[in-house]
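Please open the model in your viewer and keep the selection tool at hand. The tour below moves from one selection to the next and says what is there.

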Amino acid sequence: MFKEHFNALNQNGYIVIPCIGKKPCIPQWTQLQRNDIYLKQQYPNHNVGILLGNELVAIDIDITDDECAKAVGLSVLEKFGKQVPMRIGMAPKHLFLFRTNENLKKQVVTLTSPANQKHIIEFLANGQQLIAFGEHPSTQRAYKWSSKSPINIAANELPLITFSDITDFVENLKNILPYGWIVSHNLNKQIIEDDNNQFEKEVSKVHSTKSSNNSTHISYGQLKSYLNDITNYDDYHNWVKIGMSLHNYDKVNGLELWKEWSSNSDKYN
């Protein structure tokens, strides 16, 4: 699969990553600047990942409810046009691919159903990747694209999306969601910001009320609220730092919080 699509994707300006399931199988893949022709010989049948950032952004509709997923997906097409490439891995979840001229960072919007079930919409950007071609690890079926895909549209010809577009789209969600659904967690206030600086700010909240005996006055609910604002759970270094902070907070409940927060990532096992 990787070898089959390598040349076309390379020609269309995408940086590709060989993956096992959804997991990249080469080191330092987030730092790739160009494609390595030898990878298609080394990983000919692997899934094909496309590196985001570098002017590429995806909206991942990670919603398992048919009615809600359809409503959100249609709102994307209505706002940005039907020329936006759409990929389906495990329906009704689906993803849209864009280009951008801004330094966007990953963000997550949480939706709550009438049955109090959580679903998310992810805005994937720097330091992320999407599986473009191959077999979905859960369904064992091939990923499928709409009539537009990275094979027949160049990266620099994708529909453009900006920070303003994203905030407008999120603001309009309340108008298109099915009855009883709510936006329970919105975008971070600063979407265009250095990930490490943002992470340090959020971690500092956990430590800000430490007393001399190494206890904390932050409630369990407050800590969960802080965690909801931290979305770089795919960065291993930062993931470990969060885990250690939570361990320092509470050796039992902290572990459960870490598991719950980590489960937002596609890499979670």
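A charge is taken to sit over a ring if NZ of Lys or CZ of Arg is within 6 Å of the ring centre and within 35 degrees of the ring normal. With that in mind, select lysine 79 and phenylalanine 80: lysine 79 lies over the face of phenylalanine 80, at 5.7 Å from the ring centre.

Before going further, note that this is a predicted model, in which local features need pLDDT of at least 70 and side-chain atom pairs count only at pLDDT 80 or more, while totals for chains, interfaces and linings use all residues. Residues are numbered from 1 along each chain as its sequence is written, and side-chain values use heavy atoms, with hydrogens and water left out.

Rings of Phe, Tyr and Trp (its six-membered ring) pair if their centres lie within 6.5 Å, and planes under 30 degrees apart count as stacked, over 60 as edge-to-face and the rest as tilted. The structure holds 5 aromatic pairs, and one of them is formed by phenylalanine 80 and phenylalanine 98, edge-to-face at 4.9 Å centre to centre with 70° between the planes. This pair links distant parts of the chain, since phenylalanine 80 is in helix H3 and phenylalanine 98 in strand S6, 18 residues apart. Both phenylalanine 80 and phenylalanine 98 are buried (under 20% relative accessible area, with exposed meaning over 50% and partly exposed in between, for a 1.4 Å probe and protein chains only).

Next, select phenylalanine 133 and tryptophan 145, which form a tilted aromatic pair, 6.3 Å centre to centre and 40° between the planes. Phenylalanine 133 lies in strand S9 (residues 129–133) and tryptophan 145 in strand S10, so the pair ties together parts that are 12 residues apart in sequence. Phenylalanine 133 counts as buried at 9% relative accessibility, and tryptophan 145 is buried with a relative accessible area of 16%.

Now colour by secondary structure, where helices (H or I, at least four residues) and strands (E, at least two) are DSSP runs, numbered from the N terminus. Two strands pair if DSSP finds at least two bridges between them, and 7 strands form an open sheet with antiparallel pairing, in the order S10-S5-S6-S4-S8-S7-S11. Its edge strands, each pairing on one side only, are S10 (144–145) and S11 (182–185). Zoom in on strand S7 (residues 107–112), which is joined to S11 by 3 bridges; the bridge partner of leucine 111 in S11 is valine 183.
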